[in-house]
Amino acid sequence: MEAINDFISGALPYTEWPMFILLIIGGLFLVFYSKFLPYRFFGHAIAITAGKYDDKNAKGDVSSFQALSAAVAATVGLGNISGVAIAIHDGGPGVIFWIWVTALIGMCIKFYSCSLSVMYRGTDSEGNLQGGPMYYITKGLGEKARPLAIFFAVCGLFGFLGVFTANQFTETFMSVVEPSNTIVAMSDFSWKLTIGIVLAIITSFVIFGGLKSIAKVASALVPFMVAIYLIAVIVVMALNASQILPALKMIITEAWNFKTIVTGGFWGLVIIGVRRAMFSNEAGLGSAPMYHGQSKTDNPIKEGLVAMLGPFIDTILVCTFTAVVIILSGAYLEDSSGIVMTLSAFETTLFGFGDDLLMIIVSAFALSTLFTYSYYGVKSLSFLTNAKIGKLYNVYFVAMIIFAAVASLELVKNLIDLSYALMVIPNMIAVLLLAPKVNTAAKEYFKKLKNDKA
């Protein structure tokens with residue numbers, strides 16, 4: 001494991017510039033190119049999600065709300081709870097500011113990429129409707145761009161593994177339940193292996209049931225879990241109301257700390273923010289378009305507007321709440337990272353039982369993320385081979401859950417960071433090249449909307 005980790009951490013620095021240029025500079029280009037469209041029609045996006053403009057006869061497998069729930073299920077989860085803690089551990093409180101900046105730009109990237117996923121839908125070898133980067137690369141840019149799509153799908157075979165989730169769930173269980181003392185005395189390694197096997201078995205039951213059951217489980221679980229988590233956070237903030245403004249002030253002042261202790265200085269701080277924001281909301285990564293490409297809609301722009309709410313819900317709201325709790329509890333000053341830091345923050349601020357509550361929330365988040373991620377991996381393998389072979393990805397996915405349970409946080413984090421940074425490259429190239437098509441469609445859509453209202 002150490003040898004794998006050394007290789008991955010050696011490769012990571014080479015992906016920083018391409019990722020930064022494509023995500024931040026490419027994203028800013030889209031913000032101005034769209035004339036701030038996603039932000040101007042924020043209210044309209046909420047109305048579409050609520051089903052106000054649903055078309056009963058549209059093609060697709062799931063409603064826009066279900067697609068958003070499933071995409072949010074994959075993204076609101078441990079990325080927001082332990083990802084934020086990792087960011088603060090690696091870069092201090094100021095890193096949260098760069099997470100916000102990346103998320104606001106990410107809303108625009110999501111609008112473009114998810115509009116494209118409906119605009120250029122394809123079918124797999126079994127004739128099922130499919131969407132996502134592989135399809136808008138090959139259908140939008142033409143067959144000559146197929147190597148880009150293949151590169152994306154190959155990186156997806158690693159990026160869409162549930163390794164981070166399995167690893168952080170295991171850490172939570174070990175830290176809260178302390179199974180060696182409370183259940184059976186076994187070594188830490190044996191316990192981690194046991195947790196990994198149990199998690200793998202539970203996941204198998206759902207993912208071998210297919211997409212419909214995933215959408216059902218996710219749309220039932222996610223809003224409920226997000227609500228409980230937000231209530232817990234709001235209670236903590238209400239009890240420590242006087243600390244909220246100082247915590248937010250600290251985030252903003254530390255963001256511009258040029259003498260920061262982060263490796264790589266100020267640039268390192270920004271890169272950590274970009275990486276963790278992408279890990280939190282997946283904007284620019286190309287995963288959400290795979291879900292939104294299945295939506296029951298014939299209008300790409302409507303789907304793009306629904307999709308752009310994802311980064312807002314999940315990064316601007318959920319990540320900020322988590323960060324404020326970690327900062328006001330003082331947990332960020334401890335030497336722990338990942339979920340252990342967040343657990344400590346909740347235990348300190350919620351009468352000593354906050355970590356137990358978080359354990360329940362994390363369990364539900366972890367499962368919903370594992371259910372949705374396997375689906376992305378199946379799509380990647382199906383594109384590279386065919387739909388029949390694609391289903392075998394689930395077997396590899398389940399086996400890697402067990403591996404992740406016993407691996408170090410460092411290895412798991414680096415594997416995901418590298419895969420994500422590589423997936424951004426083909427996806428963002430395609431989104432930037434195809435952006436004019438989205439602008440043309442948006443013009444028509446808003447013109448029609450205006451006429452309908454008139």
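Start by selecting Phe 189, Leu 193, Ile 197, Ile 201 and Phe 205: together they make a nonpolar surface patch with about 510 Å² of accessible area. Areas come from the Shrake-Rupley method with a 1.4 Å probe.

A note before you go on: this is a predicted model, where local features need pLDDT of at least 70, side-chain atom pairs count only at pLDDT 80 or more, and totals for chains, interfaces and linings use all residues. Residues are numbered from 1 along each chain as its sequence is written, and side-chain values use heavy atoms, without hydrogens or water.

Now click on Leu 193, in helix H12 (residues 188–207); helices are DSSP runs (H or I) of at least four residues, numbered from the N terminus. Leu 193 counts as partly exposed because its relative accessibility is 30% (buried is under 20%, exposed over 50%, partly exposed in between).

Next, the rings. Rings of Phe, Tyr and Trp (its six-membered ring) pair if their centres lie within 6.5 Å; planes under 30 degrees apart are stacked, over 60 edge-to-face, the rest tilted. That rule gives 19 aromatic pairs. Select Phe 111 and Tyr 112, an edge-to-face pair at 5.4 Å centre to centre and 75 degrees between the planes; Phe 111 and Tyr 112 are both buried.

Move to Tyr 445 and Phe 446: their centres are 5.1 Å apart and their planes at 75 degrees, so this pair is edge-to-face. Tyr 445 is buried at 9% relative accessibility, and Phe 446 is buried at 13%.

Finish at Phe 97, Trp 98, Trp 100 and Trp 256, a cluster linked by ring pairs.

Terms used: Patches are made of residues with over 30% relative accessible area and no salt bridge: like charges are joined within 9 Å, nonpolar side chains (Val, Leu, Ile, Met, Phe, Trp, Tyr) within 5 Å. A salt bridge is a side-chain nitrogen of Lys or Arg within 4 Å of a carboxyl oxygen of Asp or Glu. Helices (H or I, at least four residues) and strands (E, at least two) are DSSP runs, numbered from the N terminus. Buried means under 20% relative accessible area, exposed over 50%, partly exposed in between (1.4 Å probe, protein chains only).
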